[in-house]
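Welcome! Open your viewer, switch to a cartoon view, and follow along one selection at a time.

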Amino acid sequence: MKKLLTVIALLCAATLSFAQKAGDKVSFASKDLNGAEVTSEIFSKNKITMINIWGTFCPPCIREMPDLAKLNDANKSNGVQVVGIPIDIVDRAGNVIPGTKADGDAIIKKTGANYTHIVPSKDLLSGLLRNIQAVPATIFVDKDGKIIGQMYLGARSQKEWQKIIDNLLSKQK
């Protein structure tokens, strides 16, 4: 039993040591779901970017998407944008899975989540997304692409997200 607990503790510590944390820079080159080139320069246009990592298989992810669309619209004038990353539309090698991408497109249309959704590129898969084991997962980055605050697991309402955004905005220069 003691050996098992030691192994579990070591695995947890190893996972945490590779996890993205506040201050880490998110850097990538990819495409959005419409095929347009997207890089980490997308962050420079706003004070804060909310990156919501979701899956087409995830009911809580899909349920919160209309609220995320409202958040995106309501916070544009505050310098805040929402960006989605549908984590399951590519295979482990980074190749788009057409049927799953089509599901993602349909979900976005149905939920009105008309903000930018980024295809997970190899650099995203080996960086920001490397240790994502549950969705929805949300992180915030500043205009320089540096992670601010903590990673949030689970869906939240528009009102709950707005409180988090307001708190993060109050700490920005």
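Start by selecting β4 (80-86) and β5 (116-117). In this predicted model, the two strands run parallel and are joined by two bridges. To see a point of pairing, click Val83, whose bridge partner in β5 is Thr116.

Now widen the selection to the sheet. It is open and has five strands, in the order β5-β4-β3-β6-β7, with mixed pairing. At its edges you will find β5 and β7 (147-153), each pairing on one side only.

Next, select helix α2, residues 59-75. Its 17 residues reach 25 Å from the first C-alpha to the last, close to the expected 24 Å. Where does the helix kink? Look at Met65, shortly before the proline Pro66, for a kink of about 35 degrees.

Keep α2 selected and show its side chains. Among its buried residues are Glu64, Met65, Asp67, Leu68 and Leu71. What do the buried residues of α2 pack against? Their partners are the strands β3 (48-54), β4 and β5, together with the helices α3 (98-111) and α5 (158-170).

For the last stop, select Cys58 and Cys61, which are joined by a disulfide with an S to S distance of 2.3 Å. A search of the whole structure finds one disulfide. The torsion about its S-S bond is about 80 degrees, so this disulfide is right-handed. Are its two cysteines buried or exposed? Cys58 is buried, with a relative accessible area of 5%, and Cys61 is buried too, at 0%.

Note on methods: Residues numbered from 1 in each chain as written. Predicted model: local features only at pLDDT ≥ 70, side-chain atom pairs only at ≥ 80, totals over all residues. Heavy atoms only, no water. Helix = DSSP H or I, 4+ residues; strand = E, 2+ residues; numbered from the N terminus. Expected span 1.5 Å × (residues − 1). Bend = angle between axes of the 7 residues up to and from the residue. Buried < 20%, exposed > 50% of the residue type's maximum accessible area, 1.4 Å probe, protein only. Contact = heavy atoms within 4.5 Å. Pairing = 2+ DSSP bridges. Disulfide = S-S within 2.5 Å.
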